[in-house]
Amino acid sequence: MFKDFMDFMLNDFFITGDPLILGAQVSIGLSMVAIVIALTYFKKWRWLWTEWLTTVDHKKIGIMYVIAALLMLFRGGVDALLIRTQLALPNLEFLHAGHYNAIFTTHGVIMILFMAMPLMFGLFNIVVPLQIGARDVAYPYLNSLSFWLFFFGAMLFNVSFVIGGSPDAGWLAYPPLSELSGSPGLGQDFYIWGIQISGIGSLASGINFVVTILKMRAPGMKLMQMPMFTWSVLSSSITIMFAFPILTVTLFLLFIDRYLGAHFFTLDGGGNPMMYINLIWMWGHPEVYIVILPAFGVFSDVVSTFSKKKLFGYKSMVFALMSISFFSFFTWAHHFFTMGSGADVNAFFAITTMLIAIPTGVKVFNWLFTMFRGRITFTQPMLWTLAFIPCFVVGGMTGVMLSVAPADFQFHNSYFLIAHFHQVLIGGVVFGYFAGLYYWWPKMFGFKLHDGLGKWAFWLWNIGFYVCFMPQYALGLMGMTRRFNEYNFDMGWQPLNVVSTIGAFIMGLAFIFQVWQIAHSIKFLKKEKSGDAWGDGRTLEWSIPSPAPMYNFARLPEVSSSDAWWEEKQRLANGGEPKPLAPLEPIHMPRNSGIPFIMSVFFFIAGFGFVWHWTWMLVPGLIGVGCCLLARSFDYDTDYYIPVDEIERTEAALKGVR
Amino acid sequence: MRKSIRYLVPLMLMLMAVMLSGCGDQYLVLDPKGPVGESQKDLIWITVWLCAIILVPVLILTAYIVWRYRDKKGNKAEYQPNWEHSTKLETIWWAIPIIIIAILATVTIKYTYDLEPSKPLESAKEPITIEATSLDWKWLFTYPDEGISTVNYVQIPEDTPIRFRVTADQAMNSFWIPQLGGQIYAMSGMAMTLYLQADELGTYFGSGANFTGEQFAKMTFDVKATSDADYKSWVESVKSSAPALTEEGFEQLKQPGSSDQQFFSAFPKGLFDQVVMQYVGENGAIAPHHGAKSGPVKDEEGGGHDTSSMNHDMDGMEAMNHSSQTDQE
């Protein structure tokens, strides 16, 4: 009995026999022990529970999103370096084929779903309520649930590296390869459940922010007076609302195929894999716009702040955002022009794809003309924005080249494509979110990040990026296909692959500089005295102390124009009278709750049970989820009021800091 | 100084990439040896130039604006913090991309119809049919007219249109010979048509371009274009010297694993169509998909094609008659 159990643990449960994975297992084990010891030694368990795990405060949830995303950036980045190391030399035997396939699969899934998405939600959470003058999001409890569902979904996905086996059918898991016939292992089930659980959270977040933005703006703030970042969040969240249900349904059908032997996407029994490819891209294409639109929002706010000038063409910008999110739903088939759907279909999708270049191009011109006749200061967020423009313009151009269907027959699935989407995702999304992080960091934590180290990181990221990805365009034209784990010397692909690998390691070095930068800035903490850390803040988040008190605004601001805080500063500077302060009133706040955390743990348990086909585990997991829903339904004590004297004390203390 | 480096480095690197791609026969896509690849190369260059019309001015404008309006004491450039709108300017930059995209769209539509993969090439010669099947993890080629078969190797006569019929036994793949022309997916249950032609003698690189599992990288093959006479004598030599591919031999070949080049003097009749139709079940019902056609009902040959890891019953059916041009010519 015991022997059977041990056999199972060593042969099936844990992945054994690979030094790389053994190393990961040991380091995961050690760091978990270290965390438990540290929490116990410093008596921080209660603090962790009451301040973080049960919090419904959007600012803290945002910070947790950012931390999780940076950890995932590390994991996905290590995957990338392993891939590049394997490809540096012809026929290298650094990773064997199966392992290589698992690594590029997890690299893709993690970077898009568990790095870009949470970093994006982190910025949403930290910034949106402050920008629109609200005290929290519309559904704070749901917000906490969204985070924990994302977190445990990501954990379920990541655990497959050491337990059960990683998925290895590509980040979008095309059937029939991802069906039982092609992937009999457990990795694909970890993939389905990891993404499903976090996907529920993403959908809920999308809904949450649409409602927040539509219903919770400060008195007087019209839609056309919202900061551009908030607009971008609105367009992105609307896209989430329409796109994520498609993902959920698609993966659910794949799950039924694998778990119950259905035939939605199998080859036999009337199944059709092409249906999956269509469905997954109906989500997948809007998904890339979901992550890029908020980056556009960040750039708009940053450009206008550090050019000390109003954003040029506000209405055009709004129209461009909304039309991009609309058209993003009509381009999915450009991911498979080579499926042979015929010239009619290909021509249609080629043109819808090109159409997106129009509003995107207009946005670039508007950013340029925001700087035109402005005064540009080269702060860290502005540097990332300035690096973004040329990078994204080039990436967009190669995107237009790919959209030309008959030319795509030659680019498809080659390194040309790889270079293109990394250029728009790194040059657009990653640079954008970095710009956002540096920009709002003082608002989150009350101190700025060290400038010198940040510049090192910036330059290394940029140089590394071009050294890594420019050669990949050339490799694509040389016929190198993505997902090759090895190639022959006589193809002549080797020199450019070496260059590309060097570039990847330069970006790895850049990431280390960023970690160093954060550590250094914490150690030599320079507390930010004013709430308006950059001095040129234009929107409401800069009108309150940093970090913001838990209720954000002691008095809800009255807004009568875009750039409300900038206008107010101008008015005071021109000798205007300070507005009379309205009397304080008790503030209505949501209570913390442990249910989202507990419910997500049960989701994790159920997901793990589904992966292993362990009914004894998945049933209690699902019952646990149900009980949490019930417990919440009968919980009437969900809110409270902060009394006026407590607000007065908090405000006085914050004034002291200022 | 530092600011100018910011633009110089990426520009130099981009320039390097462009320069590199202009020369050298390693750039297979830009060094085509057949009419299809030739047209695609032309199209690629048209898009490059159209894109450059926007790209170059925007990059220059960016550098200029950033330099001119930097916040520096004594910078005499205009400063208008409240200038936020100009109908004239915004009309201009809505119009520029619209015009460029309109031109590009027109070109694209024309080429999309011209280069439709299933469209026969114009030629005085009759096309030769070659069937390509993606197996785990090797390519099987069958020549229905000549009756020979090869693995990971295709020989074709030059200046003759080749009508490739492409399918996959299991995972989806993509059939790509960069120097002859663009790719088409190899999908199970589908027979895709791709016309290609080689105008020059030579050996060209071919590969699978869509991930099919563990040893996907081994799915490369050689395409050798020879003169008509050499082609005929090659067919004869394969016929006389190579062994025949039997049903059992095919089952062996289907087992997961990579393979060297192989040659067979014969193969089971209708092998390719069997692979395409293998999921048409005994009851013969065909799922209505893009105008279903009924039958032909094929019994599954023997018990021979048990795809071992599949644990569903094979009672279903499906001939994915995807679109009319693919299956019936």
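How many bridges join strand 6 of chain B to strand 9 of chain B, and which way do the two run? I opened my notebook with that one, keeping in mind that this is a predicted model.

**Entry 1: the sheet in chain B**

I found two bridges between strand 6 (residues 173-177) and strand 9 (residues 202-208) of chain B, and the two strands run antiparallel. I then looked up a partner by name: B:Trp176 has B:Ser207 as its bridge partner in strand 9 of chain B.

Stepping back, I saw that this pair belongs to an open sheet of five strands in chain B, ordered 4-10-9-6-7, with mixed pairing. Strand 4 (153-157) and strand 7 (181-186) of chain B each have a single partner strand and stand at the edges, so one side of each has no neighbour in the sheet. From one strand to the next, I noted an average twist of 20°.

I also checked what packs on the sheet. Helix 4 (residues 228-241) of chain B does, and it touches strand 4 and strand 10 (220-226) of chain B. The direction of helix 4 makes about 135° with that of strand 4 of chain B.

**Entry 2: one residue in strand 6**

Next I picked B:Phe175, which lies in strand 6 of chain B. Is B:Phe175 buried or exposed? I count it as buried, because it has 29 C-beta neighbours inside 10 Å, and the cut-off for buried is 20 or more.

Leaving out residues up to four places away in sequence, I listed what B:Phe175 touches: B:Ala132, B:Phe164, B:Val166, B:Gln183, B:Ile184, B:Ala186 and B:Leu194.

**Entry 3: where chains A and B meet**

Then I turned to the contact between the chains, which takes 87 residues from chain A and 94 residues from chain B. On the chain A side, helices 5 (97-131), 10 (314-327), 11, 12 (380-403), 13 (405-411) and 15 (451-477) each supply at least two residues. Helix 11 of chain A gives the largest share of that side, 16 residues. By class, I noted 49 nonpolar, 30 polar and eight charged residues on the side of chain A that touches chain B.

**Entry 4: a helix pair across the contact**

How do helix 11 (residues 343-371) of chain A and helix 3 (residues 87-114) of chain B cross? Their axes come within 9 Å and cross at roughly 160°. The two helices are therefore roughly antiparallel to each other, and I wrote the crossing down as right-handed. Their contact residues divide into 21 nonpolar, four polar and no charged.

Terms used:
Residues are numbered from 1 along each chain as its sequence is written. Chains are lettered from A and ligands numbered from 1 in the order in which they are written. This is a predicted model: local features need pLDDT of at least 70, side-chain atom pairs count only at pLDDT 80 or more; totals for chains, interfaces and linings use all residues. Two strands pair if DSSP finds at least two bridges between them. Helices (H or I, at least four residues) and strands (E, at least two) are DSSP runs, numbered from the N terminus. Axes are lines fitted to C-alpha atoms, for helices over the stretch in contact, and angles run from 0 to 180 degrees between N-to-C directions. Two residues are in contact if their C-beta atoms, placed from the backbone, lie within 7 Å. Angles under 35 degrees count as roughly parallel, over 145 as roughly antiparallel, 65 to 115 as roughly perpendicular and the rest as oblique. A crossing is left-handed if the near helix is turned anticlockwise from the far one by less than a right angle, and right-handed if clockwise. Ala, Val, Leu, Ile, Met, Phe, Trp, Tyr, Cys and Pro count as nonpolar, Asp, Glu, Lys and Arg as charged, and the others, Gly among them, as polar. A residue is buried if 20 or more other C-beta atoms lie within 10 Å of its own, exposed if 12 or fewer, and partly exposed in between; C-beta atoms are placed from the backbone.
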